[in-house]
Amino acid sequence: MMNCFVKPILSVALLLGLAACGDGTRTEHYIIDPPVSNQASGDMLGATELRDVSLPEYAAGTEMAWQSLDGAVRTSSRVLWADNPQRAFTLTLARAISDVSGATVIPEPWPMATPAQRRLDVRIEKALASNDGFFRLQGRYFLSDEGGGGGQDHARNFDIAVPVNDDTPQAVANAASIAITLLAEQIAVLGGSGSTIVAQPSGGGGADPFADLPPLF
């Protein structure tokens with residue numbers, strides 16, 4: 001797995017470079033394109049429906065956001081994501097998890113005749129080029145059993161930091177893309193701190209714990 005925490009190369013230079021973007025007449029668009037992982041894990045997910053990824057408001061807009069030295073989150077109308085960030089994040093994360101694990105992870109709505117076995121819900125709390133020179137991706141993900149057969153539900157945390165390597169929006173886009181690959185690697189193995197809950201069969205099925213007791217009357 002790629003290292004999630006590496007020494008940043010810049011901080012002040014990045015902020016000054018991003019702040020200067022958009023002074024001209026050109027509007028620049030940048031894509032989210034996670035690199036292929038060199039990790040291969042076993043299939044722990046099967047057929048999984050990925051719900052639309054929940055993003056903070058500043059990360060869900062088309063303008064690229066970054067954190068300035070005073071802590072404010074800023075954007076530029078000239079520096080844009082090429083696609084709707086929620087759509088891009090959801091689609092590329094599903095593909096990246098599938099590539100890493102061999103599972104069939106598809107964004108909602110589920111297109112297959114056979115229902116999904118599991119549902120994955122990813123909730124991002126922070127997705128930001130921070131003023132310390134890292135792109136930070138933090139939040140939680142939840143994997144639930146959809147078969148009604150009493151499988152396991154999982155709740156896990158993630159906290160990923162990728163250095164932004166120069167003072168350009170492209171460097172921010174690259175770091176964000178790497179962060180998605182790292183998140184996909186973590187989800188593929190159900191990694192991260194959190195809990196596992198044994199789901200009860202639908203309809204209250206399972207053995208009756210009082211079946212062997214003698215009748216009262």
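**A walk through the predicted model**

Let's start at a turn: the hairpin of β3 and β4 has 5 residues between its strands, and G71 there takes a positive phi near 90°. Strands here are DSSP runs of E with at least two residues, helices are runs of H or I with at least four, and both are numbered from the N terminus. Before going on, keep in mind that this is a predicted model, where local features need pLDDT of at least 70, side-chain atom pairs count only at pLDDT 80 or more, and totals for chains, interfaces and linings use all residues. Residues are numbered from 1 along each chain as its sequence is written, and side-chain values use heavy atoms, with hydrogens and water left out.

How much can you trust it? The pLDDT, the predictor's confidence in each residue from 0 to 100, averages 84 over the protein, and 77% of the residues reach 70 or more. Residues 1–13 fall below 50, and this stretch has 35 contacts in the model beyond near neighbours in sequence, a contact being heavy atoms within 4.5 Å. Where pLDDT is low, the predicted coordinates should not be read in detail.

Back to the strands. β3 and β4 run antiparallel, joined by 4 bridges; strands count as paired if DSSP finds at least two bridges between them. In this pair, A65 stands opposite T75 in β4. β4 also pairs with β1 (residues 28–30), this time in the parallel sense over 3 bridges, with E28 opposite V79.

Next comes α3, with 17 residues reaching 24 Å from the first C-alpha to the last, close to the 24 Å expected at 1.5 Å a residue (the expected span is 1.5 Å times one less than the number of residues). At its start, a side-chain oxygen of N84 reaches to within 3.0 Å of the backbone nitrogen of Q86. After the helix comes G102, whose phi is positive, near 80°. Among the buried ones are F89, L93 and I97. T92 is another residue of α3, buried at a relative accessible area of 9%. Leaving out residues up to four places away in sequence, T92 touches I32, P34 and I180.

α4 has 20 residues and reaches 29 Å from first C-alpha to last, close to the 28 Å expected at 1.5 Å a residue. Because 17 of those 20 residues are buried, α4 is largely enclosed by the rest of the structure. L190 follows the helix with a positive phi, near 55°.

Now for the inside. A nonpolar core is a set of buried Ala, Val, Leu, Ile, Met, Phe, Trp, Tyr and Cys residues joined through side-chain atoms within 4.5 Å. The largest one has 44 residues, of which L93, V122, F135 and L137 touch the most other members. Elements that each supply at least two residues include α3 (85–101), β6 (118–129), β7 (134–145) and α4 (169–188). The largest share, 11 residues, comes from α4. Not counting residues up to four places away in sequence, the contacts of L137 include F89, I124, F158, A179, I180 and L183.

One last stop is T48, in strand β2 (residues 47–50). T48 is buried, with a relative accessible area of 0%. Leaving aside neighbours within four places in sequence, its contacts include V105, W110, R118 and L143.

How values were computed: Buried < 20%, exposed > 50% of the residue type's maximum accessible area, 1.4 Å probe, protein only. Polar contact = N/O pair within 3.5 Å; in protein donor to acceptor, adjacent residues only side chain to side chain.
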